[in-house]
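Please have the sequence and the structure open as we go.

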Amino acid sequence: MDVTARDWDERVDRACRKLPERAQRAVQWLREPARFPLRLLAAILLILGGIFSILPVLGLWMLPLGLALLAQDVPALKVPMEKSARWIERQWRRWRGR
């Protein structure tokens, strides 16, 4: 089965619908095309925070979140992000014994 950038966009949309309403509005606001500079800055800061995850408060969770945010504007990242998400889901199901 081929993985496309649209698959990633649909995954992000599904994930956003699971958020509380206030968080949904914030994510939708951030995903608007006019917010590119803010998204880019936030993505870079999250990625850097993930790289320096040995420090308190900063953590490895910041790296994939920064990459996911960056994928909004870098289409070449969408397919690898979707493939990674599918791999993580498979590993999670395997680990959980399903």
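Which residues are buried in helix 1? Before I answer, please keep in mind that what you see is a predicted model, and that the values I quote are computed from it. The buried residues of helix 1 are Asp7, Trp8, Arg11, Val12 and Cys16, and they pack against helix 2, which covers residues 21-31, as well as against helix 4 and helix 5. Helix 1 itself covers residues 5-17, and from its first C-alpha to its last it reaches 19 Å, which is close to the 18 Å expected for its 13 residues at 1.5 Å a residue.

Let me step back to the whole chain for a moment. The protein chain has five helices and zero strands, so that, as the definition of these elements has it, the order from the N terminus on reads α-α-α-α-α. Along its principal axes the C-alpha trace spans about 40 × 35 × 30 Å, and of the 98 residues in the chain, 22% are buried. If we take the contacts with a separation of 6 or more, 40% of them are between residues 24 or more positions apart.

Aspartate 7 is found in helix 1, and it counts as buried because its relative accessibility is 18%, where the cut-off for buried is under 20%. Not counting residues up to four places away in sequence, aspartate 7 touches Asp2, Glu82 and Arg86.

The next topic is how helix 1 meets helix 2. These two helices pack at an angle of about 150°, with their axes 9 Å apart, and that angle makes helix 1 roughly antiparallel to helix 2. Their crossing is left-handed. On the side of helix 1 the contact is made by Asp9, Val12, Asp13, Cys16 and Arg17, and on the side of helix 2 by Gln24, Val27 and Arg31. Sorted by class, the residues of this contact are three nonpolar, one polar and four charged.

Arginine 31, which belongs to helix 2, deserves a slide of its own. With a relative accessible area of 21%, arginine 31 is partly exposed. Which residues is arginine 31 in contact with, leaving aside its neighbours within four places in sequence? They are Asp9, Val12, Asp13, Cys16, Arg39 and Gln72. As for arginine 90, it lies 59 residues from arginine 31 in sequence, and the two are 28 Å apart in space, C-alpha to C-alpha.

Finally, I turn to the other helix pair. Helix 4, residues 62-71, and helix 5, residues 75-96, pack at an angle of about 135°, with their axes 8 Å apart, and they are therefore oblique to each other. The crossing of helix 4 and helix 5 is left-handed. Helix 4 contributes Pro64, Leu67, Ala68, Leu70 and Ala71 to the contact, while helix 5 contributes Pro75, Leu77, Lys78 and Met81. By class, this contact of helix 4 with helix 5 has eight nonpolar residues, no polar ones and one charged one.

To close, let me put the two pairs side by side: helix 1 and helix 2 make a contact with four charged residues, whereas the contact of helix 4 with helix 5 has one.

Methods
Residues are numbered from 1 along each chain as its sequence is written. This is a predicted model: local features need pLDDT of at least 70, side-chain atom pairs count only at pLDDT 80 or more; totals for chains, interfaces and linings use all residues. Side-chain values use heavy atoms; hydrogens and water are left out. Axes are lines fitted to C-alpha atoms, for helices over the stretch in contact, and angles run from 0 to 180 degrees between N-to-C directions. Helices (H or I, at least four residues) and strands (E, at least two) are DSSP runs, numbered from the N terminus. Angles under 35 degrees count as roughly parallel, over 145 as roughly antiparallel, 65 to 115 as roughly perpendicular and the rest as oblique. A crossing is left-handed if the near helix is turned anticlockwise from the far one by less than a right angle, and right-handed if clockwise. Contact means heavy atoms within 4.5 Å. Ala, Val, Leu, Ile, Met, Phe, Trp, Tyr, Cys and Pro count as nonpolar, Asp, Glu, Lys and Arg as charged, and the others, Gly among them, as polar. The expected span of a helix is 1.5 Å times one less than its number of residues. Buried means under 20% relative accessible area, exposed over 50%, partly exposed in between (1.4 Å probe, protein chains only).
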